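Reader: I am new to reading protein models, and I would like to go through this one slowly. Could we look at it together and then take my questions in turn?

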Amino acid sequence: MDFLKSAVASIAKGPAFPYSFGDRVDLEQSAWTLHNGTKREDGSKCSIFSFDANANRSGLPLAKNAVRKLRTLRHPGVVKVLDAVETDQLIYIATERIAPLTWSTKRKALSEESLKWGLHNVAKTLKFINDEATSVHGNIRASSIYTTESGEWKIGGLDILSSMKEDDAIMFSHGSLVPDIGRYTPPEIASGGWDSVRKNPTHAVDSFQYGILISEVFNGGFSGTDQVGSTKNVPAKMQTSYKRLTHAVPKMRLSVGHFLEQGTRSGSFFDTSLIQLSDGIENLGLKSEAEKDTFLTELERVAESDDFPEDFFKVKVLPELLKAVEFGGGGPKSFGLVMRISTKLSEEEYEAQITPVIVRLFASPDRALRVCLLDNLPLMIDHLNQKTVTDKIFPQMVTGFGDLAPVVREQTVKAVLTIVPKLSDRVINGELLRHLAKTANDEQPGIRTNTTICLGKIARNLGTSSRAKVLSAAFSRSLRDPFVHGRNAALMALAATAELFPEDECATKMLPAICPSLVDKEKIIRDQANKTMNIYLERVRKYGQSLPETVLPSPETGAGSQPSTRMGTPQPGASGQWMGWAVSSFTNKLSSAKGQIQPNGDGTAPSPLERSNSTPPANGIPARPAPQPAPSAPVVPQVSSGLRHVSNSASAAEEEDFGADWGEMDEDDNAADAWGDPITTPPRTSTSHASKVSSSSSIPYDDGGEPDFEGWLNAQAAAKQQSKKPLPKGLAPRKTTPKPAGPSIKKTTPSGPKAEPGKAPAPAAEEDDDDWGDAWG
């Protein structure tokens, strides 16, 4: 019982129809009611025509004829039917989403170019109906024309469309039942009825009504028979042919097919860019390369102008271009047009139509297409979400960093600036930096320069923990680039990122790295180096003003624990100050020098050669070069000066593994390898070698008449052993390897014997028993 009730209820509501009705659309001069609708299955848009037989019983044969003709007459210029349901009471027809043309013509919202394009489409459809289908439409007017979402004009209103091969065609019996048809009928029908259609050419009725349509769309409406044949607002090139369409004699009327042929001639009224493009866009994939290039050039010119229907490019042209790019070999030029047209899409339309194609195109191995994608990345990046960029586009994009073509590598580096806001921190500080480290060592100087510029601009996107280390290593390397613009880019990047470095690194790393550029051979480098240097100096000076005056304890707090060291009285000149400081440092201890002069700890008498050559010259006179010892003279190991030295390897910059990991740069002494010219460290002489040399013949040492402090120093050492008191820092002897005993050399007069000829001179050895050099360092 419940089943019967539900069945009866469904029948009472109407036939089963898989579409939902939406808002009603105003429709003039029609027995149909038009609604916007959607398909229940997928929510796609559609339009729904409905006819209620109970309200208009006399119009039911016309409605059924329209359904039958819409199903059988398939042409791109006729409204496309999706589905239809027909009963004795109701008729539903679901079609593509359309709107009445009268909405636009009454407001005169269409340009002349668009009007010609629409009339051209209607003319092609009428030619097919009259010639190929041997039929007569009989109801051509603005209210029977509809526009699609792409802006194309399509013919509807097929209520009395009849084939001239049918003896019982509905036009002959019910033609006068069409609403307001009398204003649009030609003179022969007005006088002889619809049966007169049989006696005249097939195109006669439709040609006359097509002429009225031309006047109606150019003037915004049709007032009556007085307007027929009027050339007001009709384009001048079209007027002659237009008048022949509305000729009073049916056999003298120009057929729509001939009107179309005259209009498409070179320089005629239908010879427009928009019409040519609409005809050529559908077979774009079939054109040759030359034809395709010519077509795309013309399409680009039309797209830049305002005389084209925007909806046509969005709905009709864009899908065809996407197919040509992805499957038909449209190439970069087609994709450039896609990007230009896609700017007019909404976010939902962009994500549905453009984003999937972009993702697939980035996987293409075509280099020209990849460069085009990278060039147009700024136009598409705002429409792409972070997940799509990180997971789908960036993994394909990074292949360009190692491509064999330099143009691909360069465009990939430039595209980093556009894509980096959409990347995660993990990707930026990991994979992206590894690829940029490789391009920083690229063989092409332009790519190296652009990598430096790129790093400077994305510096604030890098992780704070490793940012300073990465940038200092990269920019220091670029400062030594033989390409002048590469060095200039490094200096400009350093200036732009100065606030990202800690102040102590600015003083200890960045300023020493910039200094060599101050004497660069190129003036632009020197000028930029001065600007960058001033920025860092200003920052370091401000930081220095914020530091305390000293970190040492005050003299009052340290007086009880350690005796203060008395500074010598400053002497005139730099050399005098140094001498006064050094002499006064040990004269403070004269009172503690007691006892007799004793031999050295190893039992040998002190040799004049063991005197430290760090003793300042007396009276400010420069010391003479020390005579070279004979092979028998003992060689004293060198004393470390505390200064940093760098290995003089000519290939240090070349062997630096810069591209492997910028973060591995040594922050202490090893960092000097990346900044300045290397300094040579002389090789040290081993103790065993000194022992061998001391076994040779000895030559007396000429001290040039200088005071002999060596005996006094040995006496001081003996006194220290007796008193067991610790000496102040700087006079305490270091523990060294015991030296072999050698013959003592007596002090000689200044005119001592000369060194043997032919013996190579050796540098004077430094004293290893004191640390005066530390005070000067």
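Reader: At what angle do helix H13 and helix H16 pack, and how is that arrangement described?

Author: In this predicted model, helix H13 (residues 331-342) packs with helix H16 (residues 367-375), their axes lying 8 Å apart and meeting at an angle of about 25°. Because angles under 35 degrees count as roughly parallel, H13 is described in relation to H16 as roughly parallel.

Reader: Which strands form the edges of the open sheet of three strands?

Author: The order of the strands in this open sheet is S6-S8-S9, and their pairing is antiparallel. An edge strand here pairs on one side only, and this applies to strand S6 (98-100) and strand S9 (153-155).

Reader: Which residue in S9 is the bridge partner of Tyr146?

Author: Strand S8, which covers residues 145-148, pairs with S9 in the antiparallel sense over three bridges. For Tyr146, the bridge partner in S9 is Lys154.

Reader: Which helix lies across S8 and S9?

Author: The helix in question covers residues 112-132 and runs at about 30° to S9. The helix that lies across these two strands is H4.

Notes
Residues are numbered from 1 along each chain as its sequence is written. This is a predicted model: local features need pLDDT of at least 70, side-chain atom pairs count only at pLDDT 80 or more; totals for chains, interfaces and linings use all residues. Side-chain values use heavy atoms; hydrogens and water are left out. Two strands pair if DSSP finds at least two bridges between them. Helices (H or I, at least four residues) and strands (E, at least two) are DSSP runs, numbered from the N terminus. Contact means heavy atoms within 4.5 Å. Axes are lines fitted to C-alpha atoms, for helices over the stretch in contact, and angles run from 0 to 180 degrees between N-to-C directions. Angles under 35 degrees count as roughly parallel, over 145 as roughly antiparallel, 65 to 115 as roughly perpendicular and the rest as oblique.
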